[in-house]
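Here are my notes on this model, point by point. Please read them with the structure open.

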Amino acid sequence: MVDKEIEKTIEALLEERREFKPSADFTSQANVREAAIYQRAADDPEAWWESQADRLDWFQKWDKTFEWNAPHHKWFIGGKLNVAHNCLDRHLDSAGDRVAYHWVGEPGDNRSITYSDLHDQVCRLANGLKELGVSKGDRVAIYLPMIPELPAAMLACARIGAAHSVVFGGFSAESLRDRINDAACRVLITADGGYRRGQIIPLKLNADDAVAECESIEKVIVVQRTLEDVNMQEGRDIVYQDLIEAQSSECEAESMDSEDMLYILYTSGTTGKPKGIVHTTGGYLTGVSSTHHLIFDIKPESDVFWCAADIGWVTGHSYIVYGPLANGCTSILYEGAPDWPDKDRWWGIVEEYKATILYTAPTAIRTMMKWGIDYPNKHDLTSLRLLGSVGEPINPEAWIWYQEFIGGGDAPVVDTWWQTETGAIMISALPGLTTLKPGSATIAFPGVEADVLDDKGGLVGKGGGGYLVLKRPTPAMFRTIFGDDERYRKTYFEKFGDEIYFPGDGAKLDDDGYFWLLGRVDDVMNVAGHRISTYEVESALVDHQAVAEAAVVGRKDPKEGETIVAFVTPRAGHEGTDELMIELRQHVAKVIGKLARPHAIIFTDDLPKTRSGKIMRRLLRDIAEGEKPGDVTTLQNAPILDEIREKAKSLGSRDG
Ligand code: WT7
């Protein structure tokens, strides 16, 4: 089909079938078929979550299900369990030979790892960590590419009760350093490098730079992925393989309290350094296991699940590692880029491993749309029976394209809303039950009480728009911000009080009570499905010697969701040249990581400010969007706006 025809197909499908009822075929085999599940969960949420906690193997049952000292909450109090035991040991008798991961390396190497293989490796590494002095309650940093050693490292920590802090491999040395220092990690697990678009990412080099400024790090474990020559510091650095080969493959799983910390994962906030989101043991595993089973309709014996995210983000923690393994299911783990060596790489993997469920982000779907249907058409994708989307609102056209050209026209598409903080999916269809509407995340998961409030905390009701909120804690929700409980309260519970969690998103309720997510309402941007705060990028920019002031905004982008636009005032003696622009982009990549690089930089002599000197980002956002700036009455230096607008014309129209 040519582009025009595809557009017509999409338009016609949107017009014709704004709503998609689950097919009788899908429903007849679905894990949930009874709509009564919602009422049951609403009538007695604690009993509902207990029934989900029963999916796990507990060493000791809890005495109390739920305790709520708003804004704090605890789940399954007194219960004892181990996450690695639940993800591995308990499957060994019935499914030891089942593949846990079909791993595909970017250069074309691959390995299928069974539950027994993974158990073996995890036990050895857990023993190795113990030998290095890591014990219950310690923190371990992990900075690895998408290789099997990454989930193994996470599970080894969980096995001995150490909390892991995974840092995405695309982050810079400085980002890694700050995260290690914030949590005072004792050990870092990294690799010599990883592959991305045929290039080697020098992880060990970054790790060395980071660790040079981390007092807490005692040992660095290095996986040999690329076999590049890397510096190995005597007494500090250990080769992963050498460490695990010397260990026993038996290691008792530590009995952990339900509320013990499982991991820390950093995410961007509106101000200050990234927030260490703290997830605990029993509640988190309950949430990810339950949502994975019900939303993705998992049949562990036959499904091949592919969450194509990076484990460095929460999506990967919950739906590549903990959810799928807790459910004993087979997953695909792919190391590299979707267009390497060519733009059909994903579809070749789906065909080869007969993936049945694919979970990815709208930005990836839109990129694939742009590449065209020749790439998916080269492969047999008929194994796919269910599709998922996460990370940002999915536009109806992309939804339809995904269903039509990847899902064969009939695979349900579940759009799942959640966050690093919520740990597990909060708003999503259940594919055997819910009527789908392209562009809407549909309704709250059983046991989740979501709503939309106006500025004063009143319900907006059906048809209204406002702030999305969660009105009661759920087991997988985070417990606090590592080392900064005050910030936890301030960030999430200031707006509507201690009992109402405010995630920072705007939403609309339609006449059926479906949620339509509208994006962030705070100063956090969503770039290709990843949260980046305007503050972080501004801090990185002003950190450069040529920059006096900087303001950063997100600009809506048809492919990436949002792109970053920076308004920069150079210091006296510096010119806003193209060279400086390149240098600043490189500088941001170095300080934060490539994903935070501004797409455009506009140099200006001044920034629009209020009389009290506050930069008015709202007006800059209007300009970046190519719109007329809104209310300027509180501005002290209004003329500068016209100048900036003139310069911003180079950004072009949105579709340009
Ligand atoms: C923010 C959370 C949770 C995994 C990936 C991102 C946005 C997430 C959706 C969706 C509309 C979505 C929200 C949210 N978001 N999923 N299905 N529809 N928006 O995790 O980095 O913690 O970002 O991503 O704005 O607050 P995260």
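A salt bridge here is a side-chain nitrogen of Lys or Arg within 4 Å of a carboxyl oxygen of Asp or Glu. The model is predicted.

1. Domain layout. The domain assignment gives domain 1 as 13-505 and domain 2 as 528-654. Their C-alpha centres are 33 Å apart. In contact are 23 residues of domain 1 and 19 residues of domain 2.

2. Buried area. The size of an interface is often given as the accessible area lost when the parts come together. Between domain 1 and domain 2, about 1,600 Å² is buried. Carbon and sulfur atoms give 46% of that area. Which residues of domain 1 lose the most area to domain 2? They are Glu174, Ser268 and Trp313. Together these three account for 28% of what the domain 1 side buries.

3. Two salt bridges are counted between domain 1 and domain 2. Lys590 and Glu174 pair through their side chains in a salt bridge, at 2.9 Å from N to O. Glu174 is also among the residues of domain 1 that lose the most area to domain 2. Polar contacts across the interface involve 15 residue pairs, with both partners at pLDDT 80 or more.

4. The domain 1 face. Helix 8 (173-183) and helix 14 (362-371) each supply at least two residues to the side of domain 1 that touches domain 2. Helix 14 gives the largest share, four residues. How does this side divide by class? It has four nonpolar, 14 polar and five charged residues.

5. A helix pair. Two packed helices are described by the angle between their axes and the distance between the axes. Helix 5 (residues 83-95) packs against helix 7 (residues 149-160) at about 115 degrees. Their axes are 7 Å apart. Helix 5 contributes Val83, Ala84, His85, Cys87, Leu88 and Asp89 to the contact. Helix 7 contributes Leu155, Ala158 and Arg159. By class, the contact has six nonpolar, one polar and two charged residues.

6. Cis peptides. Please check two bonds to proline. Ala70 and Pro71 are joined by a cis peptide bond, with omega about 5 degrees. Pro71 sits in the loop between strand 1 (64-69) and strand 2 (72-77). The bond from Trp340 to Pro341 is also cis, with omega near -5 degrees. Pro341 belongs to the loop between strand 17 (330-334) and helix 13 (345-353).

7. Lys354 is not a glycine, yet its phi is positive, about 50 degrees. Lys354 falls in the loop between helix 13 and strand 18 (357-360).

8. Salt bridges overall. Side chains of opposite charge can pair when their charged atoms come close. The structure holds 45 salt bridges. One of them joins Asp344 to Lys378, with the closest N and O atoms 3.8 Å apart. What does this pair tie together? Asp344 lies in the loop between strand 17 and helix 13, and Lys378 in the loop between helix 15 (374-377) and strand 19 (386-390), so the pair ties together parts that are 34 residues apart in sequence. Pro341 is found in that loop between strand 17 and helix 13 too.

Technical notes. Residues are numbered from 1 along each chain as its sequence is written. This is a predicted model: local features need pLDDT of at least 70, side-chain atom pairs count only at pLDDT 80 or more; totals for chains, interfaces and linings use all residues. Side-chain values use heavy atoms; hydrogens and water are left out. Domain bounds come from an automatic or database domain assignment. Contact means heavy atoms within 4.5 Å. Buried area is the accessible area (1.4 Å probe) that two parts lose on being put together, summed over both. A polar contact is a pair of N or O atoms within 3.5 Å; within protein, one must be able to donate a hydrogen and the other to accept it, and residues adjacent in sequence count only if both atoms are side-chain atoms. Ala, Val, Leu, Ile, Met, Phe, Trp, Tyr, Cys and Pro count as nonpolar, Asp, Glu, Lys and Arg as charged, and the others, Gly among them, as polar. Axes are lines fitted to C-alpha atoms, for helices over the stretch in contact, and angles run from 0 to 180 degrees between N-to-C directions.
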